[in-house]
Structure formats: C-alpha cells, structure tokens
Amino acid sequence: MADPNPLVSGRGFARLRAAGVEVEIGPGAAESRELNIGFFSRMMRQTPWVRLKIAASLDGQTALLNGQSQWITSSAARADGHAWRARACAVLTGIGTVLKDQPRLDVRLAATPRQPHLVVVDSRLDTPLDAPLFIAGRAVFIYAAVPNALKQQALEARGATVVYLPDANGKVDLRAMLLDLARREINELHVEAGHKLNGSLVRANLVDEFVVYLAPKLLGQGRGMADFGPLAALSDAVELAFVSAESLGPDLRIVARVKGRDSF
Ligand SMILES: NC(=O)c1ccc[n+]([C@@H]2O[C@H](COP(=O)([O-])OP(=O)(O)OC[C@H]3O[C@@H](n4cnc5c(N)ncnc54)[C@H](OP(=O)(O)O)[C@@H]3O)[C@@H](O)[C@H]2O)c1
C-alpha cells in the first residue's frame, strides 16, 4: 500500500520499479494498515491512535471506592496487557493513578526491544520525584496546566520533559496534548488511567479503541471505567463495534472500536 507520509509517498515504489522489482498495490492493504494504524493515524489525522486499556470486574468496576485496584484481573491478563504496552510508542496515565498505585508502567511481562515512553497528565506537577515511574533510559513527558518553575526544574533534573498545555478549566488540554505527542512521533498511545482521565478522554471524543479485560467477579460499588456522564438519552451513548472477544486464563479480553474512528 502507499505510504501516507507526504515526504515519501510513491518514491519507494519508483525506486523498487527502477530496480526491476514488480510492485503491486492493493492486496493485503487492509492488513498492512491495521499493522501500522498508529502511523496512519499520525500522518492523516495528526494525532496518535489512542487505545484505552481497562481491567474491570464483570460489573464494570475498575477500583474499589478506597482506590484499591491491584489486582482485579489475572496474571495472564496482565501479561497480555504488557504486550499491548510494548507495541505502543508511549504509555499514558493520570496523576491520580501515579499517586494511588505508584506504578512503573513499563514492559516487564513481554519481550520488547525498547521501553515505550511514559506520559503523565498532571495539571500541577504533583508527580513525586521518587515515583517508581522514573526508570533509567525511558523518556518521561509530563503534561501540566499550572506553571511552577521550582517543581518543573526538579522534575527536569529527574530527566522528565514538562509541557504546559492548559485548558479553560485549569486542567490539561487533552486534544492539544495528542497533537503535541504526534509531533513527537508517537503513533500508538496506550492509556492506563483511572476513571477521571478515561472519562475526559471519552467525553472529548479522543479514544479510538478499548482493550477491556473482564474478571469473573463482582465488586459491587466502586469506580467505573470512565466518568463522562450522565447522559440524557440512550441515543447519546458512545457507540462501539466489537473487534474481538477472547478468553485469557480465567478472564475475558474484549477489543472494541469507537464507531467511525478508524475511517481516516
Ligand atoms: N483497573 C484499571 O484498569 C485501572 C487503571 C489505572 C488506574 N486505576 C485506578 O484508578 C484510580 C485512580 O483514578 P483517578 O481517576 O483518580 O486517576 P487518573 O484518571 O489516573 O488521573 C486523574 C487526574 O488527572 C488529572 N488531569 C489533568 N487534566 C485532566 C483532564 N483534562 N481530565 C481529567 N483529568 C485530568 C487530574 O488531576 P490534576 O487536576 O491534579 O492534574 C485528575 O484528578 C486508582 O484507584 C487506580 O488504582 C485502575
């Protein structure tokens, strides 16, 4: 298939043909595009392909009301989640998850030639300097809204890149952040955040795909997958299409796409 990058489009074909290689465009194009969906998204929409990973109970809870969420799903689901992290250019989370879970959010349970970058949405630069997410050799980007030179300097001394992109409410402007990440050549963005940031991303219509692990357990009251309601009518629902549903150890893995988001 043709390369969507305007800088190269068609030139590879010309070189191959000049070298006597027969080039056919068309067969396998859909599969090729799927393999490279993040690159196509960045070239054609100027934003990464945004995949939101959620681990939940069968009744849709992602954490207890006291914040506990480790672990709702099985080790098989967690290992599979690491494989999805590995294929992304960057993993994104929110400051709520950083403070509550102290996660590393790196790839440990799957083979990878490199660690994806880490992106934290953190309006007031509250990321602790001793957070486990600072791992040697991995780039960390912190998107903030409220400038604070002292905190910024300390985080930059830890190796982080701080970017201020405030929205009208003093939070991070998430669409502007995606445009900025695309400029930094992030093709696939893997989100593992809490219900608040997930909710803002869904509300702003910035999510393309969901990878949801469902554990065969009920948690009753807790935190849902994404806080974006309440809706006034069922017709306001975010419409998805299931891509796949598989068993993974004791859990289910469901991949679903937001309708129409992959037609670019
Ligand atoms: N089961 C799972 O899949 C899963 C995955 C991850 C986390 N969790 C659980 O989720 C819980 C944390 O959830 P959370 O909702 O507090 O944390 P979160 O969604 O990770 O982070 C939310 C924070 O992001 C900041 N933020 C900045 N700009 C924002 C914007 N435009 N929209 C929304 N948020 C913005 C806000 O804090 P500031 O205003 O200070 O910037 C907000 O409080 C933990 O209990 C964790 O265990 C579960």
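The model is predicted. It contains 8 helices and 9 strands. The radius of gyration of the protein is 20 Å, close to the 18 Å from the globule rule for 264 residues, so the protein is as compact as a globular protein of that length.

**Overall dimensions and burial**

- Along the principal axes, the C-alpha atoms of the protein fill a box of roughly 65 × 45 × 40 Å.
- Of the 264 residues, 34% count as buried.

**The largest nonpolar core**

- The largest nonpolar core has 49 residues, and Ala90, Val119, Ile142 and Leu189 touch the most other members.
- When residues up to four places away in sequence are not counted, Val119 touches Ala90, Val91, Leu92, Phe141, Tyr143 and Leu181.

**Strand β6 and its partners**

- Strand β6 (residues 188-191) is covered on both faces, with Glu188 and His190 buried on one side and Leu189 and Val191 buried on the other.
- Strands β1 and β6 run parallel and are joined by 4 bridges.
- Within β6, Leu189 stands opposite Val50; Leu189 is also one of the core residues that touch the most other members.
- Strand β2, formed by residues 90-94, pairs with β6 in the parallel sense over 3 bridges.
- His190 in β6 is the bridge partner of Val91, and Val91 is among the residues that Val119 touches.

**Helix α3**

- Helix α3 spans residues 37-45, and its buried residues include Gly38, Phe40, Ser41 and Arg42.
- The cover over the buried residues of α3 includes the helices α2 (29-35) and α7 (174-183), together with the strands β1 (49-57) and β6 (188-191).
- After α3 comes Gln46, which has a positive phi, near 65 degrees.

**Arg42, a buried residue of α3**

- Arg42 is found in helix α3.
- Arg42 counts as buried because 25 other C-beta atoms lie within 10 Å, and the cut-off for a buried residue is 20 or more.
- Leaving aside neighbours within four places in sequence, Arg42 is in contact with Pro48, Ala182 and Asn187.
- Arg42 and Arg183 are 141 residues apart in sequence, but their C-alpha atoms are 8.5 Å apart in space.

Terms used: Residues numbered from 1 in each chain as written. Predicted model: local features only at pLDDT ≥ 70, side-chain atom pairs only at ≥ 80, totals over all residues. Buried ≥ 20, exposed ≤ 12 C-beta atoms within 10 Å, placed from the backbone. Helix = DSSP H or I, 4+ residues; strand = E, 2+ residues; numbered from the N terminus. Contact = placed C-beta atoms within 7 Å. Core = buried A, V, L, I, M, F, W, Y, C linked by C-beta atoms within 7 Å. Rg over C-alpha atoms; globule rule 2.2 N^0.38 Å. Pairing = 2+ DSSP bridges.
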